[in-house]
Each structure stands twice: as structure tokens, then as C-alpha cells.
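Subject: Structure for you to look at

Hello,

Here is the structure I promised to pass on. Please open it alongside this note, and the findings follow below.

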Amino acid sequence: QVQLVESGGGLVQAGGSLRLSCAASGSISSINVSWYRQVPGKQRELVAEITRGGTTNYAGSVKGRFTISRDNAKNTVYLEMNNLKPEDTAVYYCHAVYQFVGRWGQGTQVTVSS
């Protein structure tokens, strides 16, 4: 069973940067991978996705500040987050579909102080 493990979260001041990593225990070369985030009491929302061909899509609230990328050789997807704002505070999750089954990581907390 493929597992996804996120890392790189933490506490940062507004305007700062963080880079999140999502490491998969299986190959990611043929699948799309996404980053979501969730705050208590709200639905999980899509932040960014990268297709197997490298096409990227972003939520409007992060466009121009966040960059998603992938390293298929390392089975890892990254989320570079710049100019962070307090409203970016959330638990960030990695998501991928393997053999028609959606997989989620355990999440990593990102806290942005004002």
C-alpha cells in the first residue's frame, strides 16, 4: 500500500517562506499529485496540483506565491510557499490516486504569525 508522508511545516512570520515535501513510498511518475489544506471547521480545499506531465494549477488565493514541483526520481512533490500570510495557516495534506484509490498523507501544520 502506497504511503504519502508530508514534512516541512512549521511556524513562520508573515512574509516568510516554507517548503513542504510529500514523499511517496511508490512511484509518482505516472500520476497527478495535489496539495490541500484544512483549517478547523472548514472543508479541505485544493491548493495546488501537478499532473504527471508537469502541468500545474493553483487556487486563486495562492497563485503567484506558491509553486508546486515534482522530482520523479525521488518520488517527491514539493510546495514552495513564499510571502506567507496569516490566512495560509492550516494543516497541509498531500493527495494522490493510486490504482483508483485516493491516498492522503498525515498532514503537516503550517502556522503564519502576523
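The lining of the largest cavity divides into 10 nonpolar residues, 2 polar ones and no charged ones. Please keep in mind that this is a predicted model. The structure holds 1 cavity of 30 Å³ or more. About 30 Å³ of space lies in the largest cavity.

Which residues line the largest cavity? They are L4, C22, A24, I28, I31, V33, N75, T76, V77, C94, A96 and Y98. Strands β3, β8 and β9 each supply at least two residues of that lining. The largest share comes from β9, with 3 residues.

- I28 sits in the loop between β3 and β4.
- I28 counts as buried because its relative accessibility is 2%, and the cut-off for buried is under 20%.
- Leaving out residues up to four places away in sequence, I28 touches R70, D71, N72, N75, T76, V77 and Y98. Of these, N75, T76, V77 and Y98 also line the largest cavity.
- I28 and Y98 are 70 residues apart in sequence. In space, their C-alpha atoms are 9.0 Å apart.

Next, the core. The largest nonpolar core has 29 residues. Which of them touch the most other members? W35, L79, M81 and Y92 do. Two or more core residues come from each of β3 (18–24), β4 (33–38), β5 (45–50), β7 (66–71), β8 (76–81), β9 (90–98) and β11 (108–113). Again β9 gives the largest share, here 5 residues.

Take M81 from that core. Not counting residues up to four places away in sequence, M81 touches G16, S17, L18, L20, R65, F66, Y92 and V110. One of these contacts, Y92, is also among the core residues that touch the most other members.

Now follow β9 to its end. Strand β9 pairs with β10 (residues 101–104) in the antiparallel sense, over 4 bridges. Y98 has V101 in β10 as its bridge partner. Y98 is also one of the residues that line the largest cavity. Together β9 and β10 form a hairpin with 2 residues between them.

The loop between β9 and β10 holds Q99 and F100. Most residues other than glycine have a negative phi. Please check the backbone here:
- Q99 is not a glycine, yet has a positive phi of about 50°.
- F100 is not a glycine either, and has a positive phi of about 70°.

F100 counts as exposed because its relative accessibility is 85%, and the cut-off for exposed is over 50%.

Last, Q43. This residue is in the loop between β4 and β5. Q43 has 75% relative accessibility, so it counts as exposed. Leaving aside neighbours within four places in sequence, Q43 is in contact with R37 and Q38. Q43 and Y78 are 35 residues apart in sequence. Their C-alpha atoms are 22 Å apart in space.

To recap: β9 gives the largest share of the core, gives the largest share of the cavity lining, and forms a hairpin with β10.

Best wishes

Key. Residues numbered from 1 in each chain as written. Predicted model: local features only at pLDDT ≥ 70, side-chain atom pairs only at ≥ 80, totals over all residues. Heavy atoms only, no water. Core = buried A, V, L, I, M, F, W, Y, C linked by side-chain atoms within 4.5 Å. Buried < 20%, exposed > 50% of the residue type's maximum accessible area, 1.4 Å probe, protein only. Contact = heavy atoms within 4.5 Å. 1 Å grid on protein atoms, 1.4 Å probe; cavity = no way out; pocket = protein on both sides within 12 Å on 5 of 7 lines; lining within 4 Å. Points joined across faces, edges and corners; volume = space filled by probe spheres on them. Nonpolar A, V, L, I, M, F, W, Y, C, P; charged D, E, K, R; others polar. Pairing = 2+ DSSP bridges.
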